[in-house]
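Biologist: Hi! Could you walk me through this one?

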Amino acid sequence: MTYEHPSESSCIVFPGSDQPGTEFYSHFKVFHELMSVKVRDILLVSSPYDAYILEEDGSLASRIINEYSGLNLSQPPRVTRVSSAREALETLDRKRFDMVITMPHVGEMDAFTFGIEVKKRKPHLPVNLLTHSLRGVYPPPENTDPSGIDKIYVWTGNSDLLLALVKNAEDRKNVNHDTSRAQVRVLILVEDSPIYYSTFLPLIYKEIVQQTQAVLEAGLNEEHRLLTMRARPKILHAETYEEALSLFRQFKPYLFGILSDARIPREDKLDQEAGFALLREIRQEIPDLPLLMLSSEPENRARAARVPAVFLDKNSPNLLAELHDFFLTHLGFGDFVFRMPDGTELDRAGDLRSLEMKIREIPEESLWYHARRNHFSNWIMGRSEITLASRFREVHASEFCSADDLREYLITNIHALRKLRQRGVVAQFKGATYDVDIMDFVKVGQGSIGGKARGLAFMSTLLQDHEELHERFAGVDIKIPKTFVITTAGFEAFVSDNGLHYLGKNGYADQEVAEAFLVADMPDWLISEMEVFLAQATFPLSVRSSSLLEDAQFQPYAGLYHTYMIPNNHPDPGVRLRQLITAVKLVYASTFFEGPKSFSRNTLNQPHEEAMAVIIQQLGGEAYGDYFYPALSGVAQSHNFYPFSRMKTEEGIAHIALGMGKTVVDGERSLRFSPVHPNILPELSTVEDTLRNTQRYFYALRVKGHPESPKSYRDSNLVKLEVDEFEDAYPVVSLSSTYIPEEQRIRDTGHMSGPKVVTFAQILKHRVFPLPDLLKDLLALARKGMGCPVEIEFSVNIGTREEPKAEFFFLQMRPMVAEMERLDVQITREEWEKAFCRSGHALGNGKNRQIRDVVYVKPSDFEADATVGIADEIKALNGELAKGKRPYLLIGPGRWGTADRWLGIPVQWSHISGVGAMIELRNDQLKVEPSQGSHFFQNITSLGIQYITVEENGSGEDRLDWAWLDSHPTYQETAHLRHLRLDGPLTIKIDGRTSRCVILEP
């Protein structure tokens, strides 16, 4: 950042048109393309004696491998040794090599002749001469053609030379691509003496690699650390003035620094002035480029100062320390030292986070001082953040009207970079470097993050890789909530340390399991990490399960484990920590609850095979009075099992509700729409339908007066609120319509007096928030990424009247089991006519002849207020049938598995664990929308249980023959149920292509 005194006529007031955007910053994926050309195979040509000397302290291959391992570099090359030039040439004809290293004495020909022969066969293959002494090889003897040897190196037993030799060859091969593709920096060493460059190159490479490793942010994971290493500066070696000037011209935009000898060849003669002339010319073109003059003559120090350039005496006993100091002080690898113009040190910053903080505080004089000398750019360049460093270099300080504008510009760009480089990364949690503001996804422990967290992390990566999505919806902040995952290592330590494995066996009630887990001790190391996290995380939290098997394809375990919400706002940090520990223990306990154990028996998994990770996640939403909730939450699926009108199966379906997502996933009343056709809303087709079908209750988290300890039953700390009582709340006003009784009409606004009706008209009809289009694109992206139909959970925060927002929180992604078996099922017209049950809305594919038992709710005895008792009756019958391994057909009105007793029968999985097929009746008793958005529905379909919806009063051809059912003798009967045992198996046929189903009598 070049300094000139600001001119008020043409200065920037920040923020202005030059605000940062993601296009300015490098992404990790570009690192995959760097250093693409590697030296993987080396041919070493040496006599047995040279080999003995070379390998006295270990083989050359071992030395290279050890050097790579010590510097944490990947893929050390393989070394093949031959003892003569003739054998080497024969080997080259048979096998491909990336480099040849030859010793001077190689049998029947000298090294230079051997090099010529190699070049005849492989013109572009590097050939390096490694010698113990320059005698007889440098300068080359008269009448010798040296063109077959690319470089001569002097071996003094320093294995670092082998690393430098390989890396320098790789840098030469990759520099053109890597500078143009990712603006990788270039450092030029100008030295003609093989003795000195054989000393300096190893020092420089080791310093570059070690310093680059040292400055990589601790928050990144190991994969990204290795990838970022590929963006380290390239080191190019020139031996003459002309070669150095050519490299300078070619790579001028990417130069990081130049190290030059004072005396170098110019016009084929050794010239004592050439080094100075080179540095003076470069200094004129790039005034702030770090320059280092190398000389064995101390009197050149004063001349170097006039360039100006840093001086380093080649004969200094502290050569390594002085070179190290140059890298730290001038190339930006050490701390950033804030100084006043007179050199007085003010403060230091060791990483980007502290740099951002310190820039806020330093005096104006110091800010201008560093901007004038491009210190910010150089220091950031040393951290491989090339794009931002280049951007800072291109912007002149004179473009800013004031120091405050310059300061804000620097802070905003650095903060945006820190935030962007964490997107899509699952970082290992480290308390010392954790920053909740920029780190979206961290994990604690070395175990698995579990299925749910894995899906979330994958979607985070997809969002990072598809910038076009963010550009298309520029007004919406699409993001993953702040996420802290306790890996399965935490669960395993907790269960093992407290001896709780026995609870995985059958025979223990859920309450017994919860109480045992609550009195057990959490590992100390885990408590310490949670305490550090809570010190920065001051927002409400959702504590969710992420088991090994959860959200896996074909057995997703959706909704079987428990989730707890905590307001995380108590003034005492100790209380907040206890609340979090209690919530984590209760999620752990749900691993051994009856629901998951029953489901595991159906999937052939054993409960003891399950291990639990826990997601501690930021709750999306706002505080409205005493309650916290998002404006809306929902579930969207890429496969619509019940398309109608112009809808298509592959276009997907969404269910949304005001407030927390419990309304949707528990199967309560929500709004169903197609993201492609959001205006097709049959349940809102008339005023009467709208008043009857819209949401009347929503869930929220109480943030004032919240109990200090969560109870042991699921979602106990969410409260169910009536929409009518919150008509003035900002989300209700923004998302609702208003019913005008005297006109018998509904107006698409909540900003008028009258009863509110949650129609989401402002979103679905008027597109105030682009939810349909966003869901359409996200489902397509997730479907492609997963390679199968998917279901996502999300929430939307619209902020408050005073501070409107547009935040879309991506909460979960799981595969759907919508791909039907490739079995061709034909339903004939005769079967359609004969069937005692038929439907045009069935899930599954194939033929089932395993069911001889039917359990159905007696229509004559059904009452909507009895659904809880009916669920208990089903549980009792299910226990007997499951024990006898007799799958059964279950028939009943309304939504199976709903949490709203008025919409259907609120069975849980353990109530129906032995079921073989289910019929959902839609009739005058309970006429509700299909239940495909619920967790219960997801688990039913994942197990391949045939699920049939029968519209008894519809205009279609659906039918259920009650007379046929009533004609069979009763095997068992309860107050509301009748159980039939048939002489032979039913035949259930479902054509998955058309969703048609018939059930034929034995």
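This is a predicted model: local features need pLDDT of at least 70, side-chain atom pairs count only at pLDDT 80 or more; totals for chains, interfaces and linings use all residues.

Biologist: Great. How many salt bridges does a search of the whole structure find?

Modeller: The search finds 52. A salt bridge here is a side-chain nitrogen of Lys or Arg within 4 Å of a carboxyl oxygen of Asp or Glu.

Biologist: Which residue does Lys314 meet in a salt bridge?

Modeller: Its partner is Glu191, at 2.7 Å from N to O. Lys314 sits in the loop between β12 (310–313) and α12 (319–330), and Glu191 in the loop between β6 (186–190) and α7 (194–215), so the pair ties together parts 123 residues apart in sequence. Helices (H or I, at least four residues) and strands (E, at least two) are DSSP runs, numbered from the N terminus.

Biologist: Is Lys314 buried or exposed?

Modeller: Lys314 counts as buried, at 8% relative accessibility, and Glu191 counts as buried at 0%. Buried means under 20% relative accessible area, exposed over 50%, and partly exposed in between (1.4 Å probe, protein chains only).

Biologist: And what about Glu239, which residue does its side chain meet in a salt bridge?

Modeller: That is Lys151, at 3.3 Å from N to O. Glu239 lies in the loop between β7 (234–238) and α9 (241–250) and Lys151 in strand β5 (residues 151–154), 88 residues apart. Both Glu239 and Lys151 are buried.

Biologist: Which residues are linked in a network of salt bridges?

Modeller: Arg353, Glu356, Arg360, Arg418 and Asp435 are.

Biologist: Switching to strands: why is β37 largely enclosed by the rest of the structure?

Modeller: Five of the five residues of β37 (residues 853–857) are buried, so the rest of the structure largely encloses the strand. Asp853, Val855 and Val857 cover one side and Val854 and Tyr856 the other, and all are buried.

Biologist: What does β37 pair with?

Modeller: β37 pairs with β38 (residues 888–893) in the parallel sense, over four bridges. Two strands pair if DSSP finds at least two bridges between them. The bridge partner of Asp853 in β38 is Tyr888.

Biologist: And what is the order in the open sheet of three strands?

Modeller: The order is β30-β29-β31, with antiparallel pairing. β30 (745–747) and β31 (756–757) are at the edges, each with a single partner strand, so one side of each has no neighbour in the sheet. β29 (residues 737–740) pairs with β31 over two bridges, and Thr738 has Lys756 as its bridge partner in β31.

Biologist: Last one: which residues form the negative surface patch?

Modeller: Glu364, Glu365, Asp404 and Glu408 form the patch. The elements giving two or more residues to the negative patch are α14 (364–372) and α17 (403–420). Patches are made of residues with over 30% relative accessible area and no salt bridge: like charges are joined within 9 Å, nonpolar side chains (Val, Leu, Ile, Met, Phe, Trp, Tyr) within 5 Å. Glu364, found in helix α14, is partly exposed with a relative accessible area of 43%.

Definitions and conventions
Residues are numbered from 1 along each chain as its sequence is written. Side-chain values use heavy atoms; hydrogens and water are left out. Accessible areas come from the Shrake-Rupley method with a 1.4 Å probe; for residues, only the protein chains shown count as cover. Lys and Arg count as positive and Asp and Glu as negative; His and the chain ends are not counted. The place of a charge is taken as NZ of Lys, CZ of Arg, CG of Asp or CD of Glu.
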